[in-house]
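Colleague: I would like to learn how to read a structure like this one. Could we go through it feature by feature?

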Amino acid sequence: MKGNFNIHSPAAHSQPVQLLDLSRHNFPIKDEMLAALKNVVESGQFVLGPEVKKLEQTIAAYSQVDYAVGCASGSDALLLALMAADVEPGDEVIVPSFTFFATASCVTRLGATPVFADIDPVSYNISPEDIAKKITSKTKAIIPVHLYGQMAEMKEILNIASQTGAVVVEDAAQSIGAELEGRRAGSWGHITALSFYPTKNLGGAGDGGMLTTPDAVYAQKLTLLRGHGMEPRYYHKVIGINSRLDSFQAAVLNVKMKYIENWTMMRQQNATRYHDLFMVFGLDRDIDLPRTLPYRRHVWNQYVVRIPQGHRDTLRAELAAKKIGTEIYYPLGLHEQECFQFLGYTPEDLPETHRASQEVLALPIYPELTADEQVYVVEAIKTYFDANRSRHLFPSGAPQREAA
Ligand SMILES: *Cc1c(COP(=O)(O)O)cnc(C)c1O
């Protein structure tokens with residue numbers, strides 16, 4: 001990628017650099033999307049139907065599994081996965097604390113107890129060692145999250161789970177197309193949840209989700225559960241929910257699936273370009289750059305840097321003043337959220353989660369982000385550290401930084 005940017009170029013940037021510009025992302029395929037929506041209107045089939053069937057087949061093949069079941073959101077996909085695993089009151093489900101809320105709310109919704117595990121400080125993914133410490137005979141399921149687009153340690157996790165028979169549900173909401181040892185996210189666990197929320201790598205024009213599974217029995221159960229547990233019509237075998245995927249969403253997503261590989265490649269190029277820029281500017285001494293672990297295909301839903309304690313929020317404010325959009329995924333571990341206080345964790349119970357929540361910052365990485373915009377972002381970060389570098393960076397307890 002070196003030479004693909006000009007570090008002397010954009011002196012003034014009047015346009016904001018958005019964290020994610022969906023209109024820029026969708027503009028080139030706008031006509032194709034509208035034509036697909038028109039077809040649905042004319043077909044009169046608005047729920048499930050042929051567009052959903054087609055998407056289920058495409059996503060199953062893309063995720064290297066036999067079965068995929070559409071549903072209304074990624075959050076519902078997680079809930080349905082746990083319902084299919086028969087999670088009930090008294091059960092425990094091990095989840096990372098450093099994730100989006102939905103990874104844990106599906107557990108409490110079924111009356112079970114989330115058991116929060118800490119993360120690996122380099123990948124930000126759930127620590128298999130902490131899972132091994134927390135697994136009990138009550139552990140009905142484990143939900144590893146493939147955070148930011150990089151897969152969790154699935155081999156270790158499946159190995160631990162197999163010792164007690166816990167069901168492994170992958171939360172791949174941020175990681176469609178990610179790989180570990182050449183095998184896709186969604187093909188490792190018993191069941192996988194995907195999200196089509198617009199900020200995800202495969203984003204719809206609204207809410208949507210999908211489940212993948214290599215298991216015919218789970219596929220059948222999930223199909224039943226998403227449609228009121230009804231089969232045939234008005235005969236209810238189990239108590240399911242209403243979580244169907246709209247044909248509108250599936251039609252848009254069927255168009256977008258044609259481009260997903262290309263978009264993933266553009267995200268990867270942007271990640272490489274950031275890395276090169278940060279090195280050229282010498283900023284790798286000031287901040288921790290994200291790292292792709294061995295045998296991984298990272299799909300870069302987010303490009304997250306770690307900023308030393310005390311600098312993250314001031315840097316973020318300075319970037320905001322320069323109209324550069326950033327985000328903090330996530331400002332609090334779930335174990336620190338008000339709604340989970342009843343579980344009795346203190347912040348320091350999960351020290352790496354707590355520290356990450358104070359240090360992470362997501363920079364714009366979406367496919368259509370330009371090289372000039374990336375230079376502008378990196379220059380703005382350099383300006384900040386040139387003015388503030390004298391302050392002590394990374395006090396004791398900071399991560400060991402290794403060569404990328
Ligand atoms: C987005 C997301 C979800 C929830 O997906 P929705 O479609 O928004 O309900 C779950 N887990 C993770 C890690 C997510 O990023």
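Colleague: How much area do domain 1 and domain 2 bury between them?

Modeller: The size of an interface is often given as the accessible area lost when the parts come together. Buried area here is the accessible area (1.4 Å probe) that two parts lose on being put together, summed over both. For domain 1 and domain 2 the value is about 4,000 Å², with 57% of it on carbon and sulfur atoms. This is a predicted model, in which local features need pLDDT of at least 70, side-chain atom pairs count only at pLDDT 80 or more, and totals for chains, interfaces and linings use all residues. Residues are numbered from 1 along each chain as its sequence is written, and side-chain values use heavy atoms, leaving out hydrogens and water.

Colleague: Where are the two domains in the chain?

Modeller: Domain bounds come from an automatic or database domain assignment. Domain 1 covers 10-26 + 259-389, and domain 2 covers 29-257. Taken over C-alpha atoms, their centres are 25 Å apart. The contact (heavy atoms within 4.5 Å) takes 40 residues from domain 1 and 51 residues from domain 2.

Colleague: How many salt bridges does the rule find across the interface of domain 1 and domain 2?

Modeller: Side chains of opposite charge can pair when their charged atoms come close. The rule asks for a side-chain nitrogen of Lys or Arg within 4 Å of a carboxyl oxygen of Asp or Glu. Across this interface it finds 2 salt bridges. A search of the whole structure finds 19. Helices (H or I, at least four residues) and strands (E, at least two) are DSSP runs, numbered from the N terminus.

Colleague: Which residues come nearest to the ligand?

Modeller: A residue is near a molecule if one of its heavy atoms lies within 4 Å of it. Of the 16 residues around the ligand, Gly 74, Ser 75, Asp 171, Ser 195 and Lys 200 come nearest. An oxygen atom of the ligand is 2.7 Å from a polar backbone atom of Gly 74. For the side chain of Ser 75, the distance from an N or O atom to a ligand oxygen is 2.5 Å. For the side chain of Lys 200, the distance from an N or O atom to a ligand oxygen is 2.6 Å.

Colleague: What should I look for in the backbone?

Modeller: Look at the angles omega and phi. A cis peptide bond joins Glu 231 and Pro 232, with omega about -5°. Pro 232 is in the loop between α8 and α9 (247-257). The peptide bond from Tyr 329 to Tyr 330 is also cis, with omega near 10°. Tyr 330 is in the loop between α11 (312-321) and α12.

Colleague: Which loop holds Leu 48?

Modeller: Leu 48 lies in the loop between α2 (30-43) and α3 (49-62). Leu 48 is not a glycine, yet its phi is positive, about 55°.

Key: A polar contact is a pair of N or O atoms within 3.5 Å; within protein, one must be able to donate a hydrogen and the other to accept it, and residues adjacent in sequence count only if both atoms are side-chain atoms.
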